[in-house]
Number of protein chains: 2
Amino acid sequence: MASSVTKLDNTKIVAEFLNSFDTFLFDCDGVLWSGTHLLPNVIETLDLLKKLNKKVLFVTNNSTKSREEYTKKFSNFGIEGITKEEIFSSSFATAIYMKNFTNLDSSKDKIWVFGESGIEKELQEVGFTTIGGTDPRLNEPWDQQATPFLPVDPEVKCVVAGLDQSINFHKLCVTFNYLKVPEVQYVATNIDTTFPGKPYLQPGCGSMINLLTTSSGREEPPNCGKPSQLMLDAVFKAYPDLKRERCCMVGDRLNTDIKFGIDGGLGGQLLVLSGVEKAECLTDLSHGFELPNFFAEKLGDVYELYSE
Amino acid sequence: MASSVTKLDNTKIVAEFLNSFDTFLFDCDGVLWSGTHLLPNVIETLDLLKKLNKKVLFVTNNSTKSREEYTKKFSNFGIEGITKEEIFSSSFATAIYMKNFTNLDSSKDKIWVFGESGIEKELQEVGFTTIGGTDPRLNEPWDQQATPFLPVDPEVKCVVAGLDQSINFHKLCVTFNYLKVPEVQYVATNIDTTFPGKPYLQPGCGSMINLLTTSSGREEPPNCGKPSQLMLDAVFKAYPDLKRERCCMVGDRLNTDIKFGIDGGLGGQLLVLSGVEKAECLTDLSHGFELPNFFAEKLGDVYELYSE
């Protein structure tokens, strides 16, 4: 194991770890919960951080829910008191990007959405009109002659694509036809090729993006999820007083979460092994990604060891 | 335009073209029909070839139907008298490949199918037990706890994947979990990234394969469709008297049909512009594929010009 990766495995190390940072940014799937299961001692760890006056933020590549809907997800898991302002999702980062970093005019340009309601709601919140997405007519079988979604609407200037757990051929065909229009821009919420579930791992947004990109012959789209720094820019815009060296990113993936923290110059990165990565990733470096400075079996170890 | 590509645009050239070959191998989608529409003068051209004692075979990457079902498709288009033995599909070629070129034992090894009924029926015809595929339980919403398809069946030794126009997240998740088992082999029917429809082009098998390959982290699978020579091997096995230099491949794609004919050493390749490729592909060579020795706007031109 690389000597620079410290395992959180005793009370002293955990105390030093907690003293090193004022702000903790958490990935959610695979860190706080796995699919529909809350992971052990997550609530206790978050309560402990609050008691120690740490700032706690959530930075998720999951685009399927809006930040508003995400607060309900926390509440359903028994994690109370989380506000929309503490949540940064890839759909929110995408909306910020579309509004501020493209030439689209949200008062008249439309966006075709391949993905779930989180994308629609965040884009709408910054003023865009969205079509496609969760429109129930897209659940009808694909019929070239009968689809109400083609020919393409010339007011659509961009396709925003994310994970769609209701993926079907109708959605793929219409999205494909928008992508065949060279003037239509193409942006992805995130590029995670898998996402954790319990007990089964599942294909992720990045794999669906790959289908769309391959079929349409497009270049890979820009994406707004970790490890892209667009998400961190949104965090520092919202909380300008944060000091990077006093922030720690906590996640379960080297190629998104940990890279995000390292690229962003955050003082700490904690890898937890309760999601995608297994312990081997710390010794078999064939994956080619930089290692974090801390790791733990699970987030709840912070509480368990601190309480000892 | 490359001087070596002869356009079928007058009676004399068409007569020379027909005299040069005894056997014509036809791609179907984009050549004979486009989606649900028969292309003009296709029946007349096939009748003409029959009258001239030419052998006519059909070589399609479409895996969705069995050869038996394909004969009905011809019949529904008014093309009568085509037999199963004259049709070579990528699902048939895949079944031949699985039976003869893998270490699987069709009497006991099972195959998980991602795709339509053509794949199931051809694999079953050579003796394999298939699971997945068109099982209606796969149309239920994906539910990690409730799916009857996981955990994986240890008797499954291979995933065969093809185009699935009823693609959904349940199918993707189960197929993904089979692909995460290193011992399970992985074979694709074909790798066309698009397939023609009317009026809209659609994402093809190769794009879905890409989703599966990307998400599972697998290597690209071997594939049994054009331009792979496995399909031509099946043709020459069935018709050992054919002479390659007297065969002409007719298709609408440079990267599958025409490459298939060139790689197989067939005497002729006729590109028709009624499907995927447009005339520009003959002058703008940035696609990087070899050109055919003949082209025509559409197959029906053979009949129209011959009759002049």
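Modeller: About 1,100 Å³ of space lies in the largest pocket. The volume is the space filled by probe spheres set on grid points, which are joined across faces, edges and corners. A pocket here is an open set of points on a 1 Å grid over the protein atoms alone, with protein on both sides within 12 Å along at least five of seven lines; a cavity is a set where a 1.4 Å probe fits but cannot get out, and lining residues have an atom within 4 Å of a point.

This is a predicted model: local features need pLDDT of at least 70, side-chain atom pairs count only at pLDDT 80 or more, and totals for chains, interfaces and linings use all residues. Residues are numbered from 1 along each chain as its sequence is written, chains are lettered from A and ligands numbered from 1 in the order in which they are written, and side-chain values use heavy atoms, with hydrogens and water left out.

Back to the pocket. Its lining has 39 residues. Nearest the centre lie B:Thr193, B:Thr194, B:Arg253, B:Asn255 and B:Val276. By class, the lining holds 13 nonpolar, 17 polar and 9 charged residues. Ala, Val, Leu, Ile, Met, Phe, Trp, Tyr, Cys and Pro count as nonpolar, Asp, Glu, Lys and Arg as charged, and the others, Gly among them, as polar. Three helices each supply at least two lining residues: α7 (205-216) of chain A, and α7 (205-216) and α9 (254-263) of chain B. Helices (H or I, at least four residues) and strands (E, at least two) are DSSP runs, numbered from the N terminus.

Next, helix α6 of chain B, residues 169-179. Of its 11 residues, 11 are buried, so the helix is largely enclosed by the rest of the structure. Buried means under 20% relative accessible area, exposed over 50%, and partly exposed in between (1.4 Å probe, protein chains only). Among the buried residues are B:Phe169, B:Lys171, B:Cys173 and B:Tyr178. At the start of α6(B), a side-chain oxygen of B:Asn168 comes within 3.0 Å of the backbone nitrogen of B:His170.

Now the sheet in chain B. Its 7 strands form an open sheet with parallel pairing, in the order β1-β15-β14-β13-β2-β5-β6. β1 (6-7) and β6 (87-89) stand at the edges with a single partner strand each, so one side of each lacks a neighbour in the sheet. Two strands pair if DSSP finds at least two bridges between them. β1(B) and β15(B) (residues 294-296) pair over 2 bridges. There, B:Lys7 stands opposite B:Phe295.

Cysteines are quick. The whole structure has 0 disulfides, a disulfide being a pair of cysteine sulfur atoms within 2.5 Å. For A:Cys281, the nearest cysteine sulfur is that of A:Cys248, 16 Å away. A:Cys281 is buried at 8% relative accessibility. For B:Cys158, the nearest is that of B:Cys224, 9.3 Å away. B:Cys158 is buried too, at 0%.

Last, the backbone. The peptide bond from A:Leu150 to A:Pro151 is cis, with omega near 5 degrees. A:Pro151 sits in the loop between β8 (129-132) and β9 (156-161) of chain A. In chain B, the bond from B:Leu150 to B:Pro151 is cis, with omega near 5 degrees. A:Asn41 is not a glycine, yet has a positive phi of about 60 degrees. A:Asn41 is partly exposed at 23%. A:Asn53 also has a positive phi of about 60 degrees, and is exposed at 70%.

Note on methods
Polar contact = N/O pair within 3.5 Å; in protein donor to acceptor, adjacent residues only side chain to side chain.
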